[in-house]
Amino acid sequence: MGTISVNKLGGLALMAAPVITLIFFFLQPGGTFVDAADPADAGATIKAMVSNAGLGKVTSMLIPIGLLVFLYGIFVLQGNVRSNGNGDALSRIGAQFILVGVIGWVLASGAVLAITGSDLPAEQAASVFESLYSATVGIGTISGIISGIGFLALALALSTRDDYNKIFALVAAVAAVVAIVVGIISAIDTAQLQTMNLITGITYLVHMAWFFTLGRSLSQSE
């Protein structure tokens, strides 16, 4: 691994990290597959987290790692755009927004870890957990909006270039717009969180497929 090139490692990061991160995101207790709960119902979601504390701790630690590996791939991709051709300005601001979004998601994972790893007495835990959970919802929502803007800028940047799939880039841009709108709706009306999260998950699947193709092209560009 010591001799692996930047493009090769960046490409592998874009191919693998989004898939791994999304899998562990789906496995978070109270989420999609394990004791699924309406994210607008703090009590039900917290109960699911506490009841599956071991899994919650694992996912809360692995999701940030996956996100940071993915972020490395974004930086490598942006470096290739910067050094050759169109899209430099948009890709730079896109990478900046994605960076801030990732930081927010990492903080939200830390709050979830605080809930699942807490040993507070029951009489104190309820109010503390509710505050932490509210923080995860708020941070996660704004991070989704910010990263959506980043994905949109990056997709538009790559759509101007001949060495990337323009149609797929435009599809990714549309998915980013949907993610931004859905994030704004979630911020305004938290009662819609469950439905909006489902739609957001679909947009992330689109972006995951797009980043896989970008990573494959990047790793083969040597």
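Biologist: What does W210 touch, not counting residues up to four places away in sequence?

Modeller: W210 touches L154, A155, L158, F168, A169 and A172, where contact means heavy atoms within 4.5 Å. This is a predicted model, in which local features need pLDDT of at least 70 and side-chain atom pairs count only at pLDDT 80 or more, while totals for chains, interfaces and linings use all residues. Residues are numbered from 1 along each chain as its sequence is written, and side-chain values use heavy atoms, with hydrogens and water left out.

Biologist: What makes a set of residues a nonpolar core, and which residues have the most contacts inside the largest one?

Modeller: A nonpolar core is a set of buried Ala, Val, Leu, Ile, Met, Phe, Trp, Tyr and Cys residues joined through side-chain atoms within 4.5 Å, buried being under 20% relative accessible area with a 1.4 Å probe and protein chains only. The largest has 31 residues, and L158, W210 and F211 have the most contacts inside it. Among the elements, α3 gives the most to this core, with eight residues; a second, separate core of six residues includes I46, M49, I115 and F129.

Biologist: Why are α6 and α7 called roughly antiparallel?

Modeller: Helix α6 (residues 166-188) and helix α7 (residues 193-219), which are DSSP runs of H or I of at least four residues, pack at an angle of about 155°, with their axes 9 Å apart. Angles over 145 degrees count as roughly antiparallel, on a scale from 0 to 180 degrees between N-to-C directions of axes fitted to C-alpha atoms over the stretch in contact, and α6 and α7 are therefore roughly antiparallel to each other.

Methods. Helices (H or I, at least four residues) and strands (E, at least two) are DSSP runs, numbered from the N terminus. Angles under 35 degrees count as roughly parallel, over 145 as roughly antiparallel, 65 to 115 as roughly perpendicular and the rest as oblique. Buried means under 20% relative accessible area, exposed over 50%, partly exposed in between (1.4 Å probe, protein chains only).
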